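The sequence and structure come first, then the points by topic.

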Amino acid sequence: MKTPYIVLALAAIALCSCKESYDLTEHLGCCASIDEVQTVADAGGAYAEISIGGFLIPEEPDDVFAENLAKAKASPIPIISGNGYYPGSIKLTGPDADLDRAVKYARTAIERAEQVGLKYMVLGSGGAREIPEGFPYEEAEAQFVQLLSEMGPIAAEHGIVIVIEPLRPQETNFINSVREGTAICRKVNHPNVCVLADFYHMAQAGEDAGAIVEAGSLLRHCHIAECEERTAPGVKGDDFTPYFQALQQIGYEGNISIECGWSDEQLAPAFAEMKRQIKSLK
């Protein structure tokens, strides 16, 4: 009587073992302008990451955006993420914070992001979120959490995830570590508001790869560049395996975008070096 159950169990195990695991080497892209997307594709990039402010132009009318949308539709590779969310003129914290304008801007950006095909929108915007001198941190954090709490449901309507990007202290005084970004995510408590790990900013701020493990499923997107001069992987020879190992540990199924100044001849070797280091862990 027990035999059928044993057979079914063995079949289930065999089925699971045949399931392909997520291959991170197939999800490597690059931050680029729309005119550079072909270069990214030729170098072996799986996707491109564009500028939200510069390409989606949320405060411009639809007919102005239409030209960019047409370019996106003609892209040789998917455009699945965007960064550079808010301009410094839209304040997100402090006495001049304008929540209504910020939410309106976010709504248009998200609607246009869906048309382009974006899945992830990076909220870095160090100037916009900078806490003015003398303004209480707790109040600034509450303002930022309120903004994200309003952005989350809008993003969910359009199948997009907002990822908070921690930035090194030289670029902003608010959210300088993955741990801090993760704590903000937990306060927002919305599935479409998550966190990003930028290996360059982590190294610059002295944050260890353990922060990735602690973020766990809240980590949904990554950026990469070498530490010393923010160069493409392979230029200086930085070892990124601690970060890749941490991603492996949490079962990460997101993407990694090269975000730095790069030349055409550096891009293909950069993707090759990333793949080499990732495969070295297997």
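Which residues in H5 meet which residues in H7? Leu 99, Ala 102, Val 103, Ala 106, Arg 107 and Ile 110 in H5 meet Gln 146, Leu 147, Glu 150, Met 151, Ile 154, Ala 155 and Glu 157 in H7 (contact: heavy atoms within 4.5 Å). By class, the residues of this contact are nine nonpolar, one polar and three charged. The model is predicted, with local features needing pLDDT of at least 70 and side-chain atom pairs pLDDT 80 or more, while totals for chains, interfaces and linings use all residues. Residues are numbered from 1 along each chain as its sequence is written, and side-chain values use heavy atoms, leaving out hydrogens and water.

**H5 and H7**
- The axes of H5 (residues 99-116) and H7 (residues 137-157) come within 10 Å and cross at roughly 20 degrees.
- H5 is therefore roughly parallel to H7 (angles under 35 degrees).

**H4 and H5**
- The axes of H4 and H5 are 10 Å apart, at an angle of about 30 degrees.
- H4 is therefore roughly parallel to H5.
- Asp 62, Phe 65, Leu 69, Ala 72 and Lys 73 of H4 make the contact with Arg 112, Gln 115 and Val 116 of H5.

**Burial and end of H5**
- The buried residues of H5 include Tyr 105, Thr 108, Ala 109 and Ala 113 (buried: under 20% relative accessible area, 1.4 Å probe, protein chains only).
- Among the elements covering the buried residues of H5 are helix H3 (52-56), strand E3 (79-83) and strand E4 (120-123).
- Gly 117 follows H5 and has a positive phi, near 110 degrees.

Definitions and conventions. Axes are lines fitted to C-alpha atoms, for helices over the stretch in contact, and angles run from 0 to 180 degrees between N-to-C directions. Helices (H or I, at least four residues) and strands (E, at least two) are DSSP runs, numbered from the N terminus. Angles under 35 degrees count as roughly parallel, over 145 as roughly antiparallel, 65 to 115 as roughly perpendicular and the rest as oblique. Ala, Val, Leu, Ile, Met, Phe, Trp, Tyr, Cys and Pro count as nonpolar, Asp, Glu, Lys and Arg as charged, and the others, Gly among them, as polar. Buried means under 20% relative accessible area, exposed over 50%, partly exposed in between (1.4 Å probe, protein chains only).
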